[in-house]
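Please report on the structure shown here. Cover its charged pairs, its strands, its core and its surface.

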Amino acid sequence: ATLVVAGCSTRLNPFNWFGDDEETIAAAPGEFTNDPRDLVAQVTALRIERVVGGAIIHATGLPPVQGYWQAELVAQNNELPNQGGQLVYEFRVFPPLLTRPASSVQSREIHVAHYVSDEALSGTRGITVLGDGNSRTSRR
């Protein structure tokens, strides 16, 4: 049964799930974004975790200084794949209220997660998370 499933192109095939992420050049944020938050300066990691009923998108961002808050992955197109089969999310954060020092990389990292249903994943060939200076993509 394992060989039959491995040869299939269904979502039940464990080898047909999202792979490692790769860094890409940042694409433009959504044209009609009503979100007042900034894009995180850099997206440093992206991981897709399979769960019952969908997946969890885990992303790590790196702002220039400490103190950024209320981070969230915001869907560009209402969690519907675009024409290339991509789900695109913007990594949005509020800047610090007070001036902060840059400090170490580990102390500035921001981790966010977002659940995506199986319905939203149907027809999806990849997931992209946008930052200000770069983006990361995980493909099937």
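## A covered charge pair

Glu90 and Arg92 form a salt bridge, with the closest N and O atoms 2.8 Å apart. Both Glu90 and Arg92 are buried. The model is a predicted one.

## Other salt bridges

The whole structure holds 5 salt bridges. One of them joins Glu72 to Arg37, and here the closest N and O atoms are 2.7 Å apart. Glu72 lies in strand 5, while Arg37 sits in the loop between strand 1 (21-25) and strand 2 (38-39), so the pair ties together parts that are 35 residues apart in sequence. The two partners differ in cover. Glu72 is partly exposed, at 40% relative accessible area. Arg37 counts as buried, at 8% relative accessibility. Asp35 belongs here too: Asp35, Arg37 and Glu72 are linked in a network of salt bridges.

Asp118 pairs with Arg50, and their closest N and O atoms are 3.0 Å apart. Asp118 is in helix 3 and Arg50 is in strand 3, so this pair ties together parts that are 68 residues apart in sequence. Asp118 is buried, with a relative accessible area of 18%. Why does Asp118 count as buried? The cut-off for buried is under 20% relative accessible area, and Asp118 has 18%. Arg50 counts as partly exposed, at 34% relative accessibility.

## Overall make-up

The chain has 140 residues, and 35% of them count as buried. Its secondary structure comes to 3 helices and 9 strands. From the N terminus, the elements run α-β-β-β-β-β-β-α-β-α-β-β.

The accessible surface of the chain is about 8100 Å². Carbon and sulfur atoms account for 54% of that surface.

## Strand 4 and its partners

How many residues of strand 4 are buried? The count is 7 of 9, and the strand is mostly covered. Val51 has Gly54 in strand 4 as its bridge partner.

Ile56 stands opposite Tyr115 of strand 7.

## The nonpolar core

The largest nonpolar core has 19 residues. Which of them touch the most other members? They are Ile57, Leu73, Tyr89, Phe91 and Val129. Several elements give two or more residues to this core: strand 3 (42-51), strand 4 (54-62), strand 6, strand 7 (110-117), helix 3 (118-121) and strand 8 (126-130). Strand 6 gives the most, with 4 residues.

Gln70 is found in strand 5 (residues 69-75). Its phi is near 50°, a positive value in a residue other than glycine. Gln70 counts as partly exposed, at 46% relative accessibility.

## The surface

Which residues make the nonpolar surface patch of about 370 Å²? Trp69, Leu97 and Leu98 make it. Leu98 is found in the loop between strand 6 (86-94) and helix 2 (105-108). Leu98 is exposed, with a relative accessible area of 58%.

Gln106 lies in helix 2. At 62% relative accessibility, Gln106 counts as exposed. Gln106 and Leu62 are 44 residues apart in sequence, and their C-alpha atoms are 8.9 Å apart in space.

Definitions and conventions:
Residues are numbered from 1 along each chain as its sequence is written. This is a predicted model: local features need pLDDT of at least 70, side-chain atom pairs count only at pLDDT 80 or more; totals for chains, interfaces and linings use all residues. Side-chain values use heavy atoms; hydrogens and water are left out. Patches are made of residues with over 30% relative accessible area and no salt bridge: like charges are joined within 9 Å, nonpolar side chains (Val, Leu, Ile, Met, Phe, Trp, Tyr) within 5 Å. Accessible areas come from the Shrake-Rupley method with a 1.4 Å probe; for residues, only the protein chains shown count as cover. A salt bridge is a side-chain nitrogen of Lys or Arg within 4 Å of a carboxyl oxygen of Asp or Glu. Buried means under 20% relative accessible area, exposed over 50%, partly exposed in between (1.4 Å probe, protein chains only). A nonpolar core is a set of buried Ala, Val, Leu, Ile, Met, Phe, Trp, Tyr and Cys residues joined through side-chain atoms within 4.5 Å. Two strands pair if DSSP finds at least two bridges between them.
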